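Subject: Structure handover

Hello,

Here is the structure you asked about. Please open it alongside this note.

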Amino acid sequence: MSQIKLYHHPFTRAAGTVGVLEEVGEPYELVFVDLRKGEHKTDTFRKLNPMGKLPVLTDGGAVLSETSAIAMYLADRYAMGRLAPPIESPLRGPYLRWCVFPSVVIEPAAIAKMKGWDVNASQAGWGAYDTALDAVSGALEKGTWLLGDTFMMADVLVGGTLGYMLRFNMIEPRPEFVAYVDRFRARPAIQTAEAKNAAIVKERGLDRQG
Ligand SMILES: N[C@@H](CCC(=O)N[C@@H](CS)C(=O)NCC(=O)O)C(=O)O
């Protein structure tokens, strides 16, 4: 039995966390949470995440929610120096910044644009949509991955978010985003994760409603 458990449903952000786990390479178990039955809103589940949302990860006594926190935890705990720069590395700061950028900037900026929210970019924490995307474009001009030529956990988070958003037309298909997502999806660990998610969809006969 593995110590790491991911509470999972393939149509949620937990699908991307499977890619995180595959990149890390530690044994793990997927615990299917039946959204149709509302298993994520039960008292038992809310003890793990009071938000009643996926993903949730447990590792021995550690309980984590929030996609970026889970990925950063796993990289530090099991892949320090490989997927996460050491604390003393000059790359540590930019690495942390890119790890949180998808959830605190890219996601809300894209949703605000899609929904036509009229927000003041100086007051909204995510700023302006174009500025957010330009920041990613600027980083991708410098190397294969966000922090240069070495793939890091930040790339799993940003690559996964851009891949999802391109698929659902939530951001424009800038050539540098498309090429980056193609490189990301070609990684063996990410392909394994995609196959695992697809197998669960098939085995359980899921459709986008469930
Ligand atoms: N900020 C959270 C968002 C989690 C989230 O919104 N999860 C969605 C699925 S992608 C969910 O569980 N929705 C079910 C619900 O809220 O009822 C994260 O990054 O993990």
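Below are the notes on one helix pair and on the salt bridges.

This is a predicted model: local features need pLDDT of at least 70, side-chain atom pairs count only at pLDDT 80 or more, and totals for chains, interfaces and linings use all residues. Residues are numbered from 1 along each chain as its sequence is written, and side-chain values use heavy atoms, with hydrogens and water left out.

Helix packing

Helix H4 spans residues 92-115 and helix H6 spans residues 153-167. Helices here are DSSP runs (H or I, at least four residues), numbered from the N terminus. H4 and H6 pack at an angle of about 20°, with their axes 7 Å apart. That makes H4 roughly parallel to H6 (angles under 35 degrees count as roughly parallel). Axes are lines fitted to C-alpha atoms over the stretch in contact, and angles run from 0 to 180 degrees between N-to-C directions. The crossing of H4 and H6 is left-handed (the near helix is turned anticlockwise from the far one by less than a right angle).

H4 contributes Tyr95, Trp98, Cys99, Pro102, Ile106, Glu107 and Ala110 to the contact. H6 contributes Met153, Ala154, Leu157, Val158, Thr161, Leu162 and Met165. Contact means heavy atoms within 4.5 Å. By class, the contact residues divide into 12 nonpolar, 1 polar and 1 charged. Ala, Val, Leu, Ile, Met, Phe, Trp, Tyr, Cys and Pro count as nonpolar, Asp, Glu, Lys and Arg as charged, and the others as polar.

Salt bridges

The whole structure holds 9 salt bridges (a side-chain nitrogen of Lys or Arg within 4 Å of a carboxyl oxygen of Asp or Glu).

- Glutamate 22 and lysine 196 meet at 2.8 Å, N to O. The pair links helix H1 (residues 14-24) to helix H8 (residues 188-204), 174 residues apart. Glutamate 22 is buried at 19%; lysine 196 is partly exposed at 35%.
- Aspartate 134 and arginine 174 meet at 2.9 Å, N to O. Aspartate 134 lies in helix H5 (residues 129-140), and arginine 174 in the loop between H6 and helix H7 (175-185), 40 residues apart. Aspartate 134 is partly exposed at 43%; arginine 174 is buried at 14%.
- Glutamate 194 pairs with arginine 185, closest N and O atoms 2.7 Å apart. Glutamate 194 is partly exposed at 33%, and arginine 185 is partly exposed at 43%.

Best regards

Terms used
Helices (H or I, at least four residues) and strands (E, at least two) are DSSP runs, numbered from the N terminus. Angles under 35 degrees count as roughly parallel, over 145 as roughly antiparallel, 65 to 115 as roughly perpendicular and the rest as oblique. Buried means under 20% relative accessible area, exposed over 50%, partly exposed in between (1.4 Å probe, protein chains only).
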